[in-house]
Amino acid sequence: MRLLLILAITFTVQAKLLDKISAVINSEIITLSSVKRIQASLDARRSVSPFIYGKQSYSDDEIIDLVIRKYIIRDKLKELGYVIGDAQVESEIKEREQKLGLSRTELLAFLKGNKTNYDEFFEITREAIEFNIFNSRVIIPLVSVGEQEIKNEFFKENVNNKTISFKYTLVDFAIEPEKLPAKDWNDFKKTMIDFQKGSPLPRKYNSIESNTLGDISEEGLTKELQNLIKKAGEGEFTDPLMMFGKVHIFFVKNRDVVESELFLSAKDRLRGKLYEKKAIEVTRLWFERELGNNYVKKY
């Protein structure tokens, strides 16, 4: 009878414990209470690690994903030889206290006001250190932002800004108007797009002439051509137009911005904007791949 009672109590405890399991990653268990605890201390987490906890609120499933990421990061750092010990975390906290001019008593009062405690703050700080090392050692080497990407972004932001100057490398294709009536211009543009991709030109366009125009500034173009080029992106064709007695269509081989003061002052901001966008996508893809190398079960 006593054995049956012990077994009954054991099964009851196990059932309650299982009810609280939200997910498992490898040997780590993520409980529902820990998820709720994270949600209750989001203010403190955002102040310590805004790159991890950037949103104002999270669903249970989003919190679970963040915790899973934490364990994947921790395992990756171990693989790279980084283990963040208690002494390093304590040193980081003391350094932060000094920068903010806080005593330990004032820090504890701050934590209490943000619905957390020192032990939890300690682990949040460890998680932040791990994420920063992971970002610098794993993600940053995978992200690059080229000069042309910055210039393209600048162009998008300033396409209607008349104070910005651009220069182009254009390939000018010209043909006699009697061989290309205006009613065929749309089809002609589609034919040229296919030609650029490797398709042969129809025989009726055998007389077409081409000429590469390098480093052409906007000031050296007619207004009509300026407007057409602005509508076409780099690597695209303009619409056809009649010019100098022939029908012309221009391939925008390269578009570059003249390095004005406005561009130079915007470069760092645009680089950061593009880097952040790329880093988010690279990080997402990295975790997608790593999930397949770990045992993950959500309940």
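Leaving aside its neighbours within four places in sequence, with which residues is R45 in contact? The first legend below answers this for the predicted model.

View 1. Apart from neighbours within four places in sequence, the residues in contact with R45 are I38, P50, Y53, E120, I124 and E127. A polar contact of 2.9 Å links the side chain of R45 to the side chain of S41.

**View 2. The open sheet β2-β1-β7.** Three strands form an open sheet in the order β2-β1-β7, and their pairing is antiparallel. The edge positions are taken by β2 (28-31) and β7 (296-298); each has a single partner strand, so one side of each is left without a neighbour in the sheet. On average, neighbouring strands of this sheet are turned by 15 degrees against each other, direction ignored.

View 3. Strand β1, residues 21-25, pairs with β2 in the antiparallel sense over four bridges. Within this pairing, I21 has T31 of β2 as its bridge partner. Helix α2 (residues 32-40) packs on the sheet and touches both β1 and β2. The direction of α2 makes about 65 degrees with that of β2.

**View 4. S136 in helix α7.** S136 is placed in helix α7, which comprises residues 118-139. The side chain of S136 makes a polar contact, at 3.4 Å, with the side chain of R137. From S136 to K298 the separation is 162 residues in sequence and 29 Å in space, C-alpha to C-alpha.

**View 5. The largest pocket.** The volume of the largest pocket is about 730 Å³. Its lining consists of 23 residues, and those that lie nearest its centre are F51, R69, F131, I280 and T283. Helices α4 (60-80), α7 and α11 each supply at least two residues of this lining. The largest share, seven residues, comes from α11.

**View 6. Buried residues of helix α8.** Helix α8 covers residues 147-157, and its buried residues are I150, K151, E153, F154 and F155. The elements that cover these buried residues include the strands β3 (166-175) and β6 (246-257). Also among them are α10 (223-231) and α11 (261-291). In general, an α-helix has 3.6 residues a turn, so residues three or four places apart point the same way.

View 7. A search of the whole structure finds one cavity of 30 Å³ or more. About 30 Å³ of space lies in the largest cavity. The residues lining the largest cavity are Q148, K151, N152, F155, F166, R255, D256 and V257. Two or more of these lining residues are given by each of α8 and β6. Helix α8 contributes the largest share of the lining, four residues.

Key. Residues numbered from 1 in each chain as written. Predicted model: local features only at pLDDT ≥ 70, side-chain atom pairs only at ≥ 80, totals over all residues. Heavy atoms only, no water. Pairing = 2+ DSSP bridges. Axes fitted to C-alpha atoms, helices over the stretch in contact; angles between N-to-C directions. Contact = heavy atoms within 4.5 Å. Buried < 20%, exposed > 50% of the residue type's maximum accessible area, 1.4 Å probe, protein only. Polar contact = N/O pair within 3.5 Å; in protein donor to acceptor, adjacent residues only side chain to side chain. 1 Å grid on protein atoms, 1.4 Å probe; cavity = no way out; pocket = protein on both sides within 12 Å on 5 of 7 lines; lining within 4 Å. Points joined across faces, edges and corners; volume = space filled by probe spheres on them.
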